[in-house]
Amino acid sequence: MGRNIQGYVLKADIKHYFDSIDHEILLKIIRRKISDPRVIWLIKQILSNHKTKAPERGMPLGNLTSQFFANVYLNELDYFVKHTLKAKYYLRYVDDFVILHTDKAVLERWQHEIDTFLRNNLKVDLHPDKSRIVPLKNGITLLGFRVFYKYLLLKKSNARRIWKRLDKFKQKHKAGDIEKEKISQSLDGWLAYAGFANTYNLRMKVASAFAEAFNTSK
């Protein structure tokens, strides 16, 4: 990013989010829009089917219902940030969110107010190690990318992971545990994801490695 890029970003996420969601609070939020007792009963069954250390808390990772309920739960945070704090530049993906502002002191105050709101209203906390305020010129790490003003990079750990995945695919294919078509589908998904960033050279290397390993003209 250029040196003239001014401002700061609060990059935050919620500590142990899926394990911390309070069932009673979630149901209270849902009841504002849904009054049908049969639907509420079904939601209770879904929530109670997941056993956690803390009773009446938590949802399983990966379930489609969990993804939906997780966003419903933090819709409360969205309203607080947009309508109470009146933050203009706010973006959230599940429990990861960023807020941009030109004044670092404002973001510091908002971070404290958000943490208090989450603790008092949703019984969750900001992650102490993953919630911080940094200059915009340093870029933002979000959803596996490093986001800069004029370009987008893939996180180094994500770039390294694809090579490990290819090695595992080779072993499984050699053992007859996976077909080449399945590997190709998985690779296509990764290439599409990585294509959002400035990764042309990396994607060409990965595609060439796949072609060489599996003797294909991909």
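Reader: Let's start with the second largest pocket: how do the residues of its lining divide into nonpolar, polar and charged?
Author: This is a predicted model, and in it that lining divides into two nonpolar, two polar and six charged residues.

Reader: OK, which residues line the second largest pocket?
Author: The lining is made by Lys 11, Asp 13, Asp 96, Lys 130, Arg 132, Thr 141, Leu 142, Leu 143, Gly 144 and Lys 155. Strands β1 (8-13) and β5 each supply at least two of the lining residues. The volume of this pocket is about 180 Å³.

Reader: Does Val 94 count as buried or exposed?
Author: Buried, because its relative accessibility is 9% and the cut-off for buried is under 20%.

Reader: Switching topic: how much space lies in the largest pocket?
Author: About 240 Å³. Its lining consists of Ile 29, Ile 30, Arg 32, Lys 33, Ile 34, Ile 43, Phe 68, Phe 69, Val 72, Asn 75, Glu 76 and Tyr 79.

Reader: Which element gives the most to that lining?
Author: Helix α4 does, with six residues. The elements that give two or more residues to the lining of the largest pocket are α2 (23-31) and α4.

Reader: What classes does the lining of the largest pocket have?
Author: Eight nonpolar, one polar and three charged residues. Glu 76 is one of the lining residues, and its place is in helix α4.

Reader: Why does Glu 76 count as buried?
Author: Because its relative accessibility is 17%, and buried means under 20%.

Reader: What does Glu 76 touch?
Author: Leaving out residues up to four places away in sequence, Glu 76 touches Ile 29, Arg 32, Phe 117 and Leu 122. Of those partners, Ile 29 and Arg 32 also line the largest pocket.

Reader: What about cavities? How many of 30 Å³ or more are there?
Author: The count comes to one. The largest cavity has a volume of about 40 Å³, and its lining is Ile 46, Leu 47, Met 59, Pro 60, Asn 63, Thr 65, Ser 66 and Phe 69.

Reader: Which elements give two or more residues to the lining of that cavity?
Author: Those are α3 (37-48) and α4 (64-84). α4 gives the most, with three residues. By class, the cavity lining has five nonpolar, three polar and no charged residues.

Reader: Last one: at what angle do the axes of α6 and α7 cross?
Author: The axes of α6 (residues 156-174) and α7 (residues 180-194) cross at roughly 175 degrees and come within 11 Å. That crossing makes α6 roughly antiparallel to α7.

Reader: And which residues make the contact?
Author: From α6, they are Asn 158, Ile 162, Arg 165, Phe 169 and His 173; from α7, Lys 180, Ile 183, Ser 186, Trp 190 and Tyr 193. By class, that contact has five nonpolar, three polar and two charged residues.

Methods
Residues are numbered from 1 along each chain as its sequence is written. This is a predicted model: local features need pLDDT of at least 70, side-chain atom pairs count only at pLDDT 80 or more; totals for chains, interfaces and linings use all residues. Side-chain values use heavy atoms; hydrogens and water are left out. Axes are lines fitted to C-alpha atoms, for helices over the stretch in contact, and angles run from 0 to 180 degrees between N-to-C directions. Helices (H or I, at least four residues) and strands (E, at least two) are DSSP runs, numbered from the N terminus. Angles under 35 degrees count as roughly parallel, over 145 as roughly antiparallel, 65 to 115 as roughly perpendicular and the rest as oblique. Contact means heavy atoms within 4.5 Å. Ala, Val, Leu, Ile, Met, Phe, Trp, Tyr, Cys and Pro count as nonpolar, Asp, Glu, Lys and Arg as charged, and the others, Gly among them, as polar. On a 1 Å grid over the protein atoms alone, a cavity is a set of points where a 1.4 Å probe fits but cannot get out, and a pocket is an open set with protein on both sides within 12 Å along at least five of seven lines; lining residues have an atom within 4 Å of a point. Grid points are joined across faces, edges and corners, and a volume is the space filled by probe spheres set on the points. Buried means under 20% relative accessible area, exposed over 50%, partly exposed in between (1.4 Å probe, protein chains only).
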